[in-house]
Amino acid sequence: MIRSLSRGAAALLVAVTATAASAQTPAPLSSAANPYTRDPKQAIDEAYNRKIKEYTTAPYFTSPLVDYLPASKTVPTPSTVLKDIAGAPGILPYSGEVYQYLRMVEKASPRVKVFSIGKTEEGREMIAVAVSSESNIAKLDANRANLARLADPRSISMNDTEADRLAAATTPIYYITGTIHSPETGAPTALMELVYRLAVDESPYIQKIRNKVVTLITPIVEVDGRDRHVDVYRWHLANPGKNWSGTLYWGKYVAHDNNRDAMGVTLNLTRNVLNTYVDWHAQVLHDLHESVPYLYDNTVGDGPYNAWIDPILASEWQMIGYHNVNEMTKFGMPGVFTHGTFDTWSPGYLMFIAAMHNGISRLYETFGNGGADTVERTLSANDTARTWYRPNPPLPKTLWSQRNNNNYEETGLLVSLNQFADNTQYFLKNFYLKSKRSILKPKTEGPAAYVFPADDPRLGPQADLLRILQLQRVEISRATQPITVSVPVKNKPAESKTFPAGSYVVRMDQPFSRVADALLDYQYWAPDDPQRQPYDDTSWTFPELFNVKATRIVDAKVLDAPMEMVKGDLRAAGAVTGSGDVFLVNHNADPALITLRYRLKDAKIDIAEDAFDAGGSKFNRGSFIVSNVSAADFARAAQELGVKAVAVAAAPSVKTHPGRAARVALVHTWINTQDEGWWRQTLDLRGVPFDYISTQAVAKASDLRSKYDVILFPPVRRGGVQQIIDGTPMYGNPIPWKTTELTPNIGKEDSTDDIRPGLGYEGLTHLQQFVKDGGVLIAVEDTAQFARQFGLAAGVSSTESSRLKVVGSILRSKTVDAASPIAYGYGDDLSIYADDPPIFGVSATVGGRGGRGNTDAAPKRATGRGTPDDADTVQGFTPAQAAPEPPKVEAWQYAPIQDEQRRNATNIIPPQYRPRVIMRYGDAKDLLVSGLLDGGGDLAQRPMVVDVPLDKGHVVLFSNNPIWRGETQGSYFLVFNALLNHDNLDAGRKLDEK
């Protein structure tokens, strides 16, 4: 239970129920017996201290490190900008106020320096603040030069003696980041006050940290979302007693998933933090979160640990985490623990940038209220249970304040910084040693390299993947001659394989080999692993998700092959060969092709419905035949996009249809905007224009077809499909999301006077009419279930399974209908991302259930005489003529219509409107490519992508999610094909005779 209190009521309740808080004594003066004491010669800020005590709701919710604030005649305290102390009730500063204060401190103290580290997608600044001794700040560049040499032991010839010398002359860097998750609000004020303490406090404890560590702080990672959340909180304060909105949009594209981008590095915030961490050669990246009472150091976490980290890191996690718990428990602070149930498997979290770059990843979960209200919190039994890893659990009921939260955050950080100050040489030498061990990886653990062949048919996606590795600071080399190496083969002797000159080689004898190995390798999560609830995706094998070839090489001779390092951003080489006014582009499912179509908006592009040969090259189905564009304009676009084309004098003789640039709308709900954000980002990056409309807008638009050719309805993943119709319950007051003087940062993406109404049945009717009038609706996962359940996809059913378990895994799919335009550019199989996908079946009748269920099931017959394969015999009668063998129906097919069904055919779907299965899931034996799969027989061979005609239009259903976290480029074109061929999706279709 959460009961919100005003500032005055909170203060009164503190006075009545927590009298011990008002009885707190000042921190003891310095003594040799107590290392946590303040400097007796330094005055304290009495007014600030009184507020600390007032807003801390019980004496055990603070520590001697933060229950006072030293005074300074020159350096302003946070109250200068906040007009109250850090953690005060009712006060959440905007990013600009946080930055204003930190720059005021920089101006007032030679111990602080502020750096701009980049911009967000919406143009807001991100900063990093360095705090250390005056001498350390003065030699930051020299210190970073030393750290650079430790970070790359090749620069010192792997000389341990020289490394020891460098470590002794170098100050480690501890990088702290806050508020990547916008509703987790405490970090900015805690870090404002921490910067002040580190700059001003003369206690021995703080002096040691200041002299021996450079503390680097990014107070707000998700800056766009911070300012939006402050808007929401201000609206809440201005409308007491009313329901208020959650923060529907954090960053421009995604919300909570901004902390899952450390692999794909698609967001500006990820790139800015990664660049800062790597360029400063920091030893730690410590990310601050809020969701667990009272402080959970979840870095230690639970198994399974990521299989690519250096084991030294696992030991560092344990050492630091348990030290944190020990120190804060000695302070008498309840609810501090480590270990817990968080698995440390996925490298997608922001903190894991450090783990994958030879540093130490750390993460705190403290207890926040989603704002700065002081509220009474009642915890669940699970939160307060005493376990082996949590012997000092949180209290069942607590009056909790933002100040309490700040106290815990600052105390934990200071304890960690102090431990680092006490062990600088240990951590610096480990930093060097982990880097050295990464370079020695080919000799000690393997592999030696990954090779991306120059003859891959998808050189564009190959370049996209390798460019992500470059963003991760991985070195990429290119073979100058053919490479022949030994390659292992499953259950067979190794075989020799030759890769052509021009192939890319990702060597493992480099400092950041671990991140490359982690992203390129396969993952396996055992179904019976003791960790039954994976925290996030269980697989991410990039070559499979990008649909490109990569070979893991263990033969160290590959490192001796002639090659040269790639300089600059790696791009696919675009070119036009031949001569003529018609340009032929092979369809290879390269996402650059959709950009080409929209960039050449005035060009005539015909799409081949069959494969053909022309100009000495072979072209797949779906290939572009481009005309009505100047050679110069086409060549420029091809070069910039990495597209290869053949110019010919005349169009080839092949059946075609127009490839028109679809007018696109992307529909969102007001329930959740998280997953559709990845779709918006992909469309923006690929240059596909679209209108962003809400389900409420659909409910008001009676003629969607006049505006749009294709409507995308990405996954919602919150509530059931009925909630898409109903929206949020209409209890209480309207809840706006719009730009006002009070809320200037929200309502930019889309706006509404009331977020509660959903699509409604009128909106459903409008969607149905849009399709009937010739539009295409693309629905995915739960929105596919929505379309099916509400009558937009006749002949498609869904089956529940209690056995199936797929948690962010990579599965194999098979092409069923290669002639469908949706399958253009693809081969026989494709690795796809799936997470608890719906199990579809298809039927030629309305209400039919579709193909068989478990593909492992034995043949079925009625009980009677004989074996399972025998015919039964009725006693007393001569055996009759055997009934005809029923037609074999695969799991992805519908049963043919029988003569008996045609006697009264009211529910038989006409052949031209029957569901067309484009792709299915793979066979049970090879369905899993990477990750976790249990009960796969229930999903094997089932339809995955289904095209359902509805009058003049189509509803395309995806059981998988083809656009996810910038990691699934291999499946993007399943969607893009539908855009390019929106008015010709029936091409290549063969209709049933009955």
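Visitor: Which residue in β6 stands opposite threonine 177?
Guide: This is a predicted model, in which local features need pLDDT of at least 70, side-chain atom pairs count only at pLDDT 80 or more, and totals for chains, interfaces and linings use all residues. Residues are numbered from 1 along each chain as its sequence is written, and side-chain values use heavy atoms, leaving out hydrogens and water. Opposite threonine 177, the residue in β6 is aspartate 287.

Visitor: How many bridges join strand β4 to strand β6?
Guide: Strand β4 covers residues 173-178 and strand β6 covers residues 284-290; strands (E, at least two residues) and helices (H or I, at least four) are DSSP runs numbered from the N terminus. Two strands pair if DSSP finds at least two bridges between them. β4 and β6 run parallel, and the number of bridges joining them is 5.

Visitor: Which strands stand at the edges of the 8-stranded open sheet?
Guide: The sheet has mixed pairing and the order β2-β3-β5-β4-β6-β9-β7-β8. Each edge strand has a single partner, so one side of it is left without a neighbour in the sheet. The edge strands are β2 (112-119) and β8 (336-338).

Visitor: By how many degrees are neighbouring strands of this sheet turned against each other on average?
Guide: Axes are lines fitted to C-alpha atoms, for helices over the stretch in contact, and angles run from 0 to 180 degrees between N-to-C directions. With direction ignored, the average for neighbouring strands of this sheet is 20 degrees.

Visitor: What angle does helix α9 make with β5?
Guide: Helix α5 (residues 95-108) touches β2 and β3 (125-131), and its direction makes about 35 degrees with that of β3. Helix α9 (residues 187-200) touches β2, β3, β4, β5 (214-218) and β6. The direction of α9 makes an angle with that of β5 of about 155 degrees.

Visitor: Are the residues of strand β12 buried or exposed?
Guide: In strand β12 (residues 449-452), Ala449 and Val451 point one way, and Tyr450 and Phe452 the other way. Buried means under 20% relative accessible area, exposed over 50%, and partly exposed in between (1.4 Å probe, protein chains only). All four named residues of β12 are buried.

Visitor: Which residue in β17 stands opposite valine 451?
Guide: β12 pairs in the antiparallel sense with strand β16 (residues 504-507) over 4 bridges, and there phenylalanine 452 has tyrosine 504 as its bridge partner. β12 also pairs in the antiparallel sense with strand β17 (residues 551-553) over 3 bridges. In β17, the residue opposite valine 451 is threonine 551.

Technical notes: Contact means heavy atoms within 4.5 Å.
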